[in-house]
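Subject: Structure for your review

Dear colleague,

Please find below the sequence and structure that I am handing over to you. I would be grateful if you kept them open while reading the notes.

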Amino acid sequence: MVGAVLVKDGQLIGEGFHAYTGSDHAEVAALRDAGPAATGATLYVSLEPCCHYGRTPPCVDQILQAGIRRVVAACEDPNPAVSGKGIAALRAAGLSVDVGVLAEEAERVNEAFFTHVRTGRPFVTLKVAASLDGKIATRTGESRWITGESARRRVHQLRNEVDAVLVGIGTVLRDDPLLTTRLGIADQRDPIRVIVDNLARLPLRAKVVNRASTAPTILAVSQMAPRTKLEALEREGVQVIVVESSPRRVSLERLIEALGKRGILSVMIEGGAEINASALREGIVDKVLVFLAPTLIGGKSTPTAVGGDGIESLSQAVRLRDVRIERFDGDILVEGYIQRMMGTP
């Protein structure tokens with residue numbers, strides 16, 4: 001996701017952004033918007049201009065042809081095909097180039113892209129909706145709806161942005177969700193639906209097994225999943241990934257690696273307490289989004305946001321950094337990044 005603006009004599013004369021894969025890059029869109037007035041202008045862009053042929057011609061060539069005087073790029077492109085080469089080409093042509101203005105903000109916008117390029121795996125967000133006392137359902141399993149309409153719409157906006165949503169088979173068996181984007185807008189998109197299902201218990205009539213949907217479904221199973229059931233699901237259009245696993249569960253770390261190899265840049269986990277606990281335990285989570293409703297549910301046996309066996313000491317707790325808080329009517333969103341130990345990815 002890249003944006004660009006052109007400024008000349010203190011006036012904004014052109015702007016553009018990269019709308020979708022294969023479309024004009026932000027710089028080219030801004031140059032087209034400015035037209036001949038671009039000569040002698042300064043280009044501000046959130047990512048280093050490319051200098052290679054991909055789906056579109058090099059942006060560097062078009063910047064030079066337009067007569068741009070100066071380029072201000074927020075950050076370098078981590079893609080090895082670019083990575084400093086675009087900046088070097090512009091400087092070699094005599095342009096003034098500044099890099100690193102609002103770099104942290106620019107990297108945050110493209111955190112999924114940066115993570116995938118640097119590690120080969122998707123950027124993983126763990127999303128939770130809970131009461132103030134951390135409960136995600138009542139003692140009877142009722143969970144619709146803990147948060148309000150405004151917060152739920154934000155979740156659908158997130159689905160519209162990520163490549164895939166991931167849940168455990170328990171969520172599917174309990175709620176039979178669609179896991180699609182429902183914003184009611186013309187250009188909304190459905191993410192890939194990833195179901196973690198050790199023994200392939202996914203019912204053939206589940207809503208995620210739906211040929212009519214534009215959202216593909218990937219089923220992650222272990223080697224113990226029955227072949228006949230997998231063949232039946234594949235006939236219904238479900239894509240099956242056999243993942244290394246323990247006797248009880250699919251390895252989420254191996255699954256995330258497999259999704260990265262399929263070109264999936266971002267995954268949002270929308271599962272229950274156990275899949276959340278497994279994701280945190282295996283260290284695959286990059287960012288946490290917790291939507292808190294101003295309600296108290298209580299109960300010793302009611303499910304909490306994170307299940308598992310828990311920890312023995314506070315020193316083992318997962319801590320967040322760069323925490324931000326946002327309000328959605330009566331609900332509160334707490335957003336933060338996993339604080340990793342030195343030496344970990």
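The notes below start with the protein as a whole and then turn to particular parts.

This is a predicted model, in which local features need pLDDT of at least 70 and side-chain atom pairs count only at pLDDT 80 or more, while totals for chains, interfaces and linings use all residues. Residues are numbered from 1 along each chain as its sequence is written, and side-chain values use heavy atoms, with hydrogens and water left out.

Overall picture

The protein has 10 helices and 14 strands; these are DSSP runs numbered from the N terminus, helices (H or I) having at least four residues and strands (E) at least two. Its C-alpha trace spans about 65 × 45 × 45 Å along the principal axes. Of the 345 residues, 44% are buried (buried means under 20% relative accessible area, exposed over 50%, and partly exposed in between, with a 1.4 Å probe and protein chains only). Among contacts (heavy atoms within 4.5 Å) between residues at least 6 apart in sequence, 68% join residues at least 24 apart. The protein exposes about 17900 Å², and carbon and sulfur atoms supply 52% of that area; accessible areas come from the Shrake-Rupley method with a 1.4 Å probe, and for residues only the protein chains shown count as cover.

Nonpolar cores and a surface patch

A nonpolar core is a set of buried Ala, Val, Leu, Ile, Met, Phe, Trp, Tyr and Cys residues joined through side-chain atoms within 4.5 Å. The largest one holds 29 residues, of which Leu-166, Leu-255, Leu-259, Val-267 and Ile-269 touch the most other members. Elements giving two or more residues to this core include strands E8 (192–196) and E9 (217–221) and helices H9 (252–261) and H10 (273–281). Apart from it lies another core, of 27 residues, among them Val-155, Ala-206, Val-240 and Phe-291. Beyond its neighbours within four places in sequence, Ile-269 has contacts that include Val-124, Leu-126, Lys-127 and Leu-166.

On the surface, Val-318, Leu-320, Val-323 and Ile-325 form a nonpolar patch with about 350 Å² of accessible area together. Patches are made of residues with over 30% relative accessible area and no salt bridge, like charges being joined within 9 Å and nonpolar side chains (Val, Leu, Ile, Met, Phe, Trp, Tyr) within 5 Å. Val-323, in strand E13, counts as partly exposed at 46% relative accessibility.

Helix H6 covers residues 149–161, and its 13 residues should span 18 Å at 1.5 Å a residue; the end C-alpha atoms are 19 Å apart, which agrees. The expected span is 1.5 Å times one less than the number of residues. The buried residues of H6 are Ala-151, Val-155, His-156, Leu-158, Arg-159 and Asn-160. They pack against six strands that the record of contacts names as E6 (123–131), E7 (164–168), E11 (266–269), E12 (287–293), E13 (320–328) and E14 (331–338).

Leu-183 is found in the loop between helix H7 (169–175) and E8, and is buried at a relative accessible area of 10%. Not counting residues up to four places away in sequence, Leu-183 touches Arg-153, His-156, Gln-157, Asn-160 and Gln-188. Leu-183 and His-156 are 27 residues apart in sequence, with their C-alpha atoms 6.4 Å apart in space.

Salt bridgesA salt bridge is a side-chain nitrogen of Lys or Arg within 4 Å of a carboxyl oxygen of Asp or Glu, and by this rule the count comes to 18. Lys-127 forms one with Glu-270, the closest N and O atoms being 3.3 Å apart. This pair links distant parts of the chain, with Lys-127 in strand E6 and Glu-270 in the loop between E11 and H10, 143 residues apart. Both Lys-127 and Glu-270 are buried.

Glu-270 also forms a salt bridge with Arg-159, where the closest N and O atoms are 2.9 Å apart. Arg-159 lies in helix H6 and Glu-270 in the loop between E11 and H10, so this pair ties together parts that are 111 residues apart in sequence. Arg-159 is buried, with a relative accessible area of 9%.

Arg-324 and Glu-335 meet through their side chains in a further salt bridge (2.9 Å, N to O). Arg-324 lies in strand E13 and Glu-335 in strand E14, so the pair ties together parts that are 11 residues apart in sequence. Arg-324 is partly exposed at 40% relative accessible area, whereas Glu-335 counts as buried at 10%. Glu-111, Lys-287, Arg-324 and Glu-335 are linked in a network of salt bridges.

With kind regards
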